[in-house]
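Please look over the sequence and the structure before reading on.

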Amino acid sequence: MILIGINSSGLIHFGNYLSIIKPVFFLKNINIFIADLHSISKNISILNILKNKIILISVFLTFFKNLYFYQSFNEKFLKFFWVLLCFYNKNKMKLFHSLNNKKIISFGKICYPILMCTDIICNYNNYIFVGLDQLQHIELYKKIKKKINYLLNFKIIKNSNFIINNNILYSFDKKKMSKSNKNDLFIFSNFNQIFFFLKKFKFTKKKKKSILNFSINILNNNFIKKIFFNLNKEKFIYKISELIYFKFLPFKKKFIFNLKNIDSLILKLNLNNKYYKNIVNNNIFNLFKNFNL
């Protein structure tokens with residue numbers, strides 16, 4: 001199985017599509033993990049987190065028919081989270097990009113990488129799918145795993161294989177598209193929203209961090225290059241907006257259907273949560289048995 005995790009601090013944007021959905025679209029053995037506890041460390045209301053969780057699941061269900069589960073559904077995550085904190089060196093904080101240039105930092109933000117390590121260990125899967133910006137967390141996971149195994153003189157934490165996706169989608173400000181940078185666009189936006197978003201890009205022939213790069217990454221079509229050099233800015237943006245909108249329109253219809261049938265969606269999700277909770281609890285039980293706790 002391949003584990004894919006995403007927090008519920010915002011909506012699925014085109015950057016998420018390129019880094020999470022597109023690379024594994026044709027794979028079947030995938031577990032989707034909604035890391036809702038991570039979202040509490042950010043400046044976002046609980047009501048928005050709950051709303052985002054439903055929308056996230058509805059979006060993913062349009063692309064995949066797999067097992068979905070919430071992090072907060074299993075309180076034993078936090079029990080093992082405390083164990084890992086005891087092996088955490090505060091000097092490692094300087095390595096985390098999420099803490100850069102932050103004057104006021106909550107303890108939740110500081111411990112964010114440890115909670116991610118907890119997710120990896122407790123949801124033991126053969127493969128973990130991570131983005132390029134998560135490399136620092138992988139290194140932390142390896143160090144904590146090595147330290148625990150060494151101190152207990154027993155290999156209680158097994159190895160996990162990481163699939164690292166190096167695809168990055170740059171937005172109009174030449175920064176990585178992300179919710180924290182506030183330069184993202186919801187994947188099922190309407191035509192006008194896509195059109196006005198693309199108008200923010202500079203019309204340059206440089207491929208990297210340009211509207212051309214954005215268009216090729218989303219549409220994956222060499223035809224884009226031809227129309228880029230043959231049309232003016234206004235016509236090119238209109239054409240690209242049209243292509244992007246109609247590419248995701250069939251999925252958008254499924255998304256709207258999922259939202260209209262929200263009761264059955266929540267029922268299915270709760271069943272998935274209960275099923276996977278038993279698997280995770282078994283993993284955690286085996287870990288604590290070796291700790292003699």
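Which residues line the second largest cavity? In this predicted model, the lining is made up of Ile187, Phe188, Ser189, Ile194, Ile244, Tyr245, Phe248, Leu249 and Lys252. The cavity holds about 40 Å³ of space and belongs to a count of two cavities of 30 Å³ or more. Helix H11 (residues 233-260) gives the most to the lining of the second largest cavity, with five residues. By type, the lining of this cavity divides into seven nonpolar residues, one polar and one charged.

## The chain as a whole

The protein chain has twelve helices and five strands. Of its 293 residues, 50% are buried. The chain exposes about 16000 Å², and carbon and sulfur atoms supply 57% of that area. Among contacts with a separation of 6 or more, 77% are between residues 24 or more positions apart.

Helix H6 (residues 112-122) is mostly covered, with eleven of its eleven residues buried. The buried residues of H6 include Tyr112, Pro113, Thr118, Asp119 and Cys122.

## Aromatic rings

The count of aromatic pairs comes to 19. One of these pairs joins phenylalanine 63 and phenylalanine 188, whose ring centres are 6.2 Å apart and whose planes meet at 10°, so the pair is stacked. The two partners come from distant parts of the chain, 125 residues apart: phenylalanine 63 is in helix H3 (residues 46-63), and phenylalanine 188 is in the loop between strand S5 (161-165) and helix H8 (191-198). Phenylalanine 63 and phenylalanine 188 are both buried.

A pair with another geometry is formed by tyrosine 245 and phenylalanine 246, which is edge-to-face, with 5.2 Å from centre to centre and 75° between the planes. Phenylalanine 246 has a relative accessible area of 48% and is partly exposed.

## Buried residues and their surroundings

Phenylalanine 77 lies in helix H4 (residues 76-85). Its relative accessibility is 1%, so phenylalanine 77 counts as buried. What does phenylalanine 77 touch, not counting residues up to four places away in sequence? The residues are Phe33, Gln71, Thr118, Asp119, Cys122, Asn123, Val280 and Ile284. Thr118, Asp119 and Cys122 are among the buried residues of H6. Valine 280 is 203 residues from phenylalanine 77 in sequence, while their C-alpha atoms are 8.7 Å apart in space.

Lysine 53 is placed in helix H3. Is lysine 53 buried or exposed? With a relative accessible area of 8%, lysine 53 is buried, because buried means under 20%. Leaving aside neighbours within four places in sequence, lysine 53 is in contact with Ser8, Ile34, Asp36, Tyr70 and Ser72.

Phenylalanine 228 belongs to helix H10 (residues 223-230). The C-alpha atoms of phenylalanine 228 and lysine 239 are separated by 9.8 Å, and the two residues are eleven apart along the chain.

| Residue | Relative accessible area | Class |
|---|---|---|
| Phenylalanine 77 | 1% | buried |
| Lysine 53 | 8% | buried |
| Phenylalanine 246 | 48% | partly exposed |
| Lysine 174 | 48% | partly exposed |
| Lysine 182 | 74% | exposed |

Most residues other than glycine have a negative phi. Lysine 174 has a positive phi, near 65°. The phi of lysine 182 is positive as well, near 55°. Where are these lysines found? Lysine 174 is in the loop between S5 and H8, and lysine 182 is also found in the loop between S5 and H8. Phenylalanine 188, from the stacked pair, is placed in that loop too. Lysine 174 counts as partly exposed at 48% relative accessibility, whereas lysine 182 counts as exposed at 74%.

Notes:
Residues numbered from 1 in each chain as written. Predicted model: local features only at pLDDT ≥ 70, side-chain atom pairs only at ≥ 80, totals over all residues. Heavy atoms only, no water. Buried < 20%, exposed > 50% of the residue type's maximum accessible area, 1.4 Å probe, protein only. Helix = DSSP H or I, 4+ residues; strand = E, 2+ residues; numbered from the N terminus. Phe/Tyr/Trp six-rings, centres within 6.5 Å; stacked < 30°, edge-to-face > 60°. Contact = heavy atoms within 4.5 Å. Areas by Shrake-Rupley, 256 points an atom, 1.4 Å probe, with all protein chains shown as cover. 1 Å grid on protein atoms, 1.4 Å probe; cavity = no way out; pocket = protein on both sides within 12 Å on 5 of 7 lines; lining within 4 Å. Points joined across faces, edges and corners; volume = space filled by probe spheres on them. Nonpolar A, V, L, I, M, F, W, Y, C, P; charged D, E, K, R; others polar.
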